[in-house]
Amino acid sequence: MPFGTQFAGKIDTLCKALNVEPNAVFIARPTSGGVVEKHISPLLHEIQYKYTTMKVILTTLAALGDPLSATACAVLASYSEDQKEAQLLDRASNDAEFHAKMCKDGGMRWVDMFDSFKSLVGNVPLEIFLMLVPTHHARLYSIASSPAASKDEIHIIVSRRVMGEGENRRKGVASDDLSVMPPGSSLQFSVRTCRDFHLPPDPRAPIVMVGAGSGLAPFRGFWQERMAMAKVGQPLGPAVLLYGCRDELGSILNKELIMAQACGAVSLVITAVSTRLPKRYIQDHVVENMLALKPILENPKCEVYMCGSTSMVKAVTSVIAPTKPGEVWLQKLQSEGRWHEDVFGGPESNI
Ligand SMILES: Cc1cc2nc3c(=O)[nH]c(=O)nc-3n(C[C@H](O)[C@H](O)[C@H](O)COP(=O)(O)OP(=O)(O)OC[C@H]3O[C@@H](n4cnc5c(N)ncnc54)[C@H](O)[C@@H]3O)c2cc1C
């Protein structure tokens, strides 16, 4: 699947700056023979000895949304014909703080390289570009379904990332592609098992699920699993869902949650909509509902699950265990493997 389709409009400009026809077929191979190892250049390693085109490379392999690495800056500096630009690249190559500043908020991306450093246009040899440009890394998405509900399918919930504002506005590469992908499209993926994030072996054990945004994903799998158990008459322990979001839940999830509540798969849903006024976050609801939550949390079989950003997990943890005895309780849960976190950070925004 093309990965990073948002850069499709830039391919011709990039090819022009590299003096190569986007659709010209070529084979890359080391002049000295042998093979290019992956650690030397992941991209050359991938394309060597295969017929390909720049258009294919730039739309499927090159991570054009990534920032120029310090190494790339050092090499590119030597091809710059502008003293100022060369100095800038040189400094970015050997001053880590300066490099981080340049890359902050989506700066110095490969896709913008010839706009940011005009003196490089027409001066970077194709083989140098191919040697340096990184390949896409895999993005992780939590499975948001249970085989009990959809045997041959895997569902994911993706939050479409938008970072920065104005000129610095950037769309997340994978989340944007996934969001605009037409139904029926194919994509490459692999499934990894998460060791820690599973329902308790005893279905009667109480569970508390805390999630924000796409952090709801694993809990959908949980309630689907518990709905299937309820259907066959399995007695279930209480299950509380504390969910934080910017907008109301979509209708599909809402409908499913109502059904989950009706059959006892979820016993209590507390939703914190942060765009509603007054602004309230999950931690505020935890504090407000502590009387109802306390007996569940203190049950010796209770398992707590947190999924979402680092800041959300930190904020909720601090109100669940605000005191010294609370800390001891938390440590006990952690040591007994009853406290589970699936944390993914980064700036989050939905469009
Ligand atoms: C264990 C785990 C589970 C996950 N589960 C889910 C899930 O179920 N659903 C989900 O939606 N996501 C999930 N994620 C996050 C997901 O893997 C991706 O990180 C997310 O979708 C963003 O990828 P992207 O390609 O869209 O963004 P990218 O293109 O990779 O951009 C994101 C990064 O770019 C940088 N950046 C670029 N421009 C700017 C700018 N202007 N300002 C600031 N920073 C900028 C930042 O470092 C930012 O973090 C999970 C992550 C982990 C680790």
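**Legends to close-up views of a predicted model**

View 1. The C-alpha centres of domain 1 and domain 2 lie 39 Å apart. In the domain assignment of the protein, domain 1 covers 5–132 and domain 2 covers 138–351. The model is predicted. Contact between the two parts involves five residues of domain 1 and eight residues of domain 2. On the side of domain 1 that touches domain 2, four residues are polar, one is charged and none is nonpolar. For the protein as a whole, the C-alpha trace spans about 70 × 45 × 40 Å along its principal axes. The protein has 15 helices and nine strands, and buried residues account for 30% of its 351 residues. Of the contacts between residues at least 6 apart in sequence, 73% join residues at least 24 apart.

**View 2. The shell around the ligand.** There are 27 residues around the ligand, of which G106, M163, G164, G172 and S175 come nearest. Domain 1 (5–132) and domain 2 (138–351) each supply at least three residues to this shell. Sorted by class, the shell holds eleven nonpolar, ten polar and six charged residues.

View 3. V121 sits in the loop between helix 7 (113–116) and helix 8 (126–132). V121 counts as partly exposed because it has 16 C-beta neighbours inside 10 Å, while a buried residue would need 20 or more. Apart from neighbours within four places in sequence, the residues in contact with V121 are A17 and F114. A138 lies 17 residues from V121 in sequence, and the C-alpha atoms of the two are 30 Å apart in space.

**View 4. Strand 5 and its partner strand 6.** Strand 5 (residues 207–212) is mostly covered, with six of its six residues buried. I207, M209 and G211 point one way from the strand, V208, V210 and A212 point the other way, and all are buried. Strand 5 runs parallel to strand 6 (residues 239–245), and six bridges join the two. One of the residues shown, G211, has Y243 as its bridge partner in strand 6.

**View 5. Helix 11 and the residue G264.** Helix 11 (residues 251–262) has twelve residues. At 1.5 Å a residue, the helix should span 16 Å, and its end C-alpha atoms are 16 Å apart, so the two values agree. G264 follows helix 11 and has a positive phi, near 85 degrees.

View 6. G337 is in the loop between helix 15 (324–335) and strand 9 (339–343). The residue counts as exposed because it has 10 C-beta neighbours inside 10 Å, and the limit for this class is 12 or fewer. G337 and E303 are 34 residues apart along the chain, and their C-alpha atoms are separated by 8.2 Å.

Definitions and conventions
Residues are numbered from 1 along each chain as its sequence is written. This is a predicted model: local features need pLDDT of at least 70, side-chain atom pairs count only at pLDDT 80 or more; totals for chains, interfaces and linings use all residues. A residue is near a molecule or strand if its C-beta atom, placed from the backbone, lies within 6 Å of it. Ala, Val, Leu, Ile, Met, Phe, Trp, Tyr, Cys and Pro count as nonpolar, Asp, Glu, Lys and Arg as charged, and the others, Gly among them, as polar. Domain bounds come from an automatic or database domain assignment. Helices (H or I, at least four residues) and strands (E, at least two) are DSSP runs, numbered from the N terminus. Two residues are in contact if their C-beta atoms, placed from the backbone, lie within 7 Å. The expected span of a helix is 1.5 Å times one less than its number of residues. Two strands pair if DSSP finds at least two bridges between them.
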